Amino acid sequence: MLDDRRAAAPAARLAVKHTTRSVRAVVKDLQYRLDVNTLHRDLDANELGLNDIGRVRLRTTQPLFVDEYSRNRVTGRFILVDEATNATVGAGMLVPGS
C-alpha cells in the first residue's frame, strides 16, 4: 500500500485503474502479507498498511480484460484509488490465481 491513511482489508471498497478503464472493486480477501526482510508469508494478516506487500483477491463491478504481468506488463498491472480522496493507495500486478 502507498497511503498511510487507508489500509487494504477484506471488504474495503476501492477503485481499480487498469489501462484506460476505472471500475469499482472490493477486497474479497487478503491471502497473506509478505515480510520483506525474511520473505515469510504472514497468513494471519488482517490488512495491508503503508509499504506492505501482499496478495489480495479483488472483485470488480465490471469485467476487465487483463493478462498476467509476466506476459504483458501493460495489461498485467493496475493501481488502487481511494474514491473519496482520489489518492492512489496501492499498485498491483496480476498473477495466476489459485
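Reader: What makes the meeting of Arg33 and Asp42 a salt bridge?

Author: A salt bridge is a side-chain nitrogen of Lys or Arg within 4 Å of a carboxyl oxygen of Asp or Glu. In this predicted model, Arg33 and Asp42 come to 3.1 Å, N to O.

Reader: Why are Arg33 and Asp42 called partly exposed?

Author: Buried means under 20% relative accessible area, exposed over 50%, and partly exposed in between (1.4 Å probe, protein chains only). Arg33 has 25%. Asp42 has 24%. Both values fall in between, so both residues are partly exposed.

Reader: What makes Asp52 and Arg33 a salt bridge?

Author: Their N to O distance is 3.9 Å. The cut-off is 4 Å, so the pair counts. The two residues are 19 apart and link distant parts of the chain. Arg33 sits in strand 2, and Asp52 in the loop between strand 3 (41–42) and strand 4. Strands here are DSSP runs (E, at least two residues), numbered from the N terminus.

Reader: What joins Arg33, Asp42 and Asp52 into one network?

Author: Salt bridges that share partners do.

Reader: What makes a space a pocket?

Author: Take a 1 Å grid over the protein atoms alone. A pocket is an open set of points where a 1.4 Å probe fits, with protein on both sides within 12 Å along at least five of seven lines. Lining residues have an atom within 4 Å of a point. The largest pocket holds about 950 Å³, and 33 residues line it. Among those nearest its centre are Gly54 and Phe78.

Reader: Which strand gives the most to the lining of the largest pocket?

Author: Strand 4 does, with seven residues.

Reader: How were the residues and atoms handled?

Author: Residues are numbered from 1 along each chain as its sequence is written, and side-chain values use heavy atoms, without hydrogens and water. Local features need pLDDT of at least 70 and side-chain atom pairs 80 or more, while totals for chains, interfaces and linings use all residues.

Notes. Helix = DSSP H or I, 4+ residues; strand = E, 2+ residues; numbered from the N terminus. Points joined across faces, edges and corners; volume = space filled by probe spheres on them.
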